[in-house]
Amino acid sequence: MAAATSTPTEFEENSNDDDKSEMNITNYLIVRPEKGGMLDLLRYLVWADIGSGVKFLESSEEGIMGGEAADHRWIILVSIIVRKIISLFGKPMECTGFVADFFLNLLFQNGGIMGLLLNFLQGKVVTPQRDTETFISTIGHLDGRMDLYRDENLLEQLDNSVSAEKIATEEIGNRALMDLCIMASKLAYENAKVVQSIVVQHWKMHFVDFYNCWNDFQKEMSTQVFILCDKPKDANLILISFRGTEPFDADDWGTDFDYSWYEIPKLGRVHMGFLEALGLGNRADTTTFHNHLQMKSTGFNHGYDGSGSLSSNTDSDMEENVGHKKFLSEKVKKTAYYAVRKKLKSMLMEHKNAKFVVTGHSLGGALAVLFPTVLVLHQQTDVMNRLLGVYTFGQPRIGNLQLAKFMEAHLKYPVPKYFRVVYSYDLVPRLPCDDKTFLYKHFGVCLYYNSLYVEQKLDEEPDPNFYGLRSVVLAHLNSVWELIRSFVVGYTHGPMYKESWFMVFARIMGLALPGIAAHCPTDYVNSVRLGKERVVRMSSF
């Protein structure tokens, strides 16, 4: 406590001055589709009227708005138009999702259409109850698989503490770990009771906790994440899984198409919506991003005492100050980044030999890679030393090239720890759009699977943007092939791969929107299980 009242050193004074200067020069850009009118949008679209485009933007500097509006006009236009359309259909999408979830669970819990009819005649219709162990999400009905693929291989390696060299070279071990990650990413869409049931009864692992956290972009408790470990005592593996974009959630899709960014000094520009989903700021007051994302050791975020040690994890330290300003509220305690970090640090202290994996599908993938990014920013060295890997599936871009270079220095050596799985013409990994001058860039090892589930190790997926006639035609032809494949894959590869009628329906819808159908977790599960032998050396236990 004495340190808190001591006279600041020259270094601390300089750090404080740097913090103040950084706050003054921090740049950001917010795209606000609601600020401009349809006439402004028309002028910006047809006549490239920069003045009209600027009306949709908010920034730290006037020059940034004008430059962005001119240089990235088409990207900003796509963001504005798509988000306006999503906002317009937001309520119908929500109602459709509510009805679809209820109807699918009504059929499922009554044994299909014939079972429902029989139960109706007998007066024994089972009515689905939300947030129960039997109520399955839309994603769960698209792909009903619950069990892990060759789970005994992974559990055996975990129990025997297989050497790093051995697991790094054994393809089946890598595949088993990736299968656990994609299944956990898929499971994150379910409610807490379903998650616990699957983890304990099907996977024979230890369920730790489930969090439904505050999302500052959506202004509701909508960022879901759960934690498991391989066993309750002396665990070797801790897994953190973030929920992705829900099919009928307009706000989730709006986040994926958002172009807004916040620039963190010395790190790079980061997608603002993803920061808000983790609870690391609020675009209504952009100074909150600075408060959460300081790099200086004078803030509470860096292990709360500047050391990044596992032992410094007390609530009193967390609430003490942020940039010497007390601003935390009860809401901050419920945000995903702080809730997960606190639990993770306590588990790493409890399980001395454990390493942790972070994973997620879609939006969950973006949060999965952003989580260790902020750990690095907050100088959580002891935590990062225990990171086994980050595995994302169908993940959108989270930041610019500067951010990519910063994180590759921490996630690429001595062996790659960040693997980004992309399936075929999935639209979401191509968002926000990227070109030679655009700021959003992917990084990490890209494991790309085509529609035959053949794997390639690439720096970037083919056709990084759906621009041009060629890409559109190929995407639609591919969706036709995927529909045909859905009827035969169960016969060619076994009953485990037989697709549900609801997934076939999604394939039919994919004829019009091929990039959306390809985003379903089904093809990611198939890619991991059916993909050819990978040759990339992966992070190991």
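Helices here are DSSP runs of H or I with at least four residues, numbered from the N terminus. The model is a predicted one. By that numbering, Val-46 belongs to helix 3. With a relative accessibility of 49%, Val-46 is classed as partly exposed, because that class ends where exposed begins, at over 50%.

Val-46 is also one member of a nonpolar patch on the surface, along with Leu-39, Leu-42, Leu-45, Trp-47, Trp-74, Ile-81, Ile-85, Leu-88 and Phe-89. Together these residues have about 1,000 Å² of accessible area. At least two residues of the patch come from each of helix 3 (38-46) and helix 6 (73-88).

Ala-48 sits in the loop between helix 3 and helix 4 (50-54). Its phi is positive, about 55°, although Ala-48 is not a glycine. Ala-48 counts as partly exposed, at 33% relative accessibility. A positive phi of about 55° is also found at Lys-204, again not a glycine. Lys-204 is in the loop between helix 13 (192-202) and strand 3 (206-215), and its relative accessibility of 58% makes it exposed.

The interior comes next. In soluble globular proteins, nonpolar side chains tend to be buried together. The largest nonpolar core in this model has 59 residues, and those with the most contacts inside it are Ile-238, Ile-240, Phe-242, Leu-293, Phe-356 and Phe-371. Helix 20 (residues 363-377) contributes the most to this core, eleven residues. Another core, of 42 residues, lies apart from it and includes Leu-148, Val-195, Leu-239 and Val-357.

One backbone feature remains. The peptide bond from Leu-431 to Pro-432 is cis, with omega near -25°. Pro-432 is located in the loop between strand 10 (418-423) and strand 11 (445-449).

Terms used. Residues are numbered from 1 along each chain as its sequence is written. This is a predicted model: local features need pLDDT of at least 70, side-chain atom pairs count only at pLDDT 80 or more; totals for chains, interfaces and linings use all residues. Side-chain values use heavy atoms; hydrogens and water are left out. A nonpolar core is a set of buried Ala, Val, Leu, Ile, Met, Phe, Trp, Tyr and Cys residues joined through side-chain atoms within 4.5 Å. Buried means under 20% relative accessible area, exposed over 50%, partly exposed in between (1.4 Å probe, protein chains only). Patches are made of residues with over 30% relative accessible area and no salt bridge: like charges are joined within 9 Å, nonpolar side chains (Val, Leu, Ile, Met, Phe, Trp, Tyr) within 5 Å. Accessible areas come from the Shrake-Rupley method with a 1.4 Å probe; for residues, only the protein chains shown count as cover. A salt bridge is a side-chain nitrogen of Lys or Arg within 4 Å of a carboxyl oxygen of Asp or Glu.
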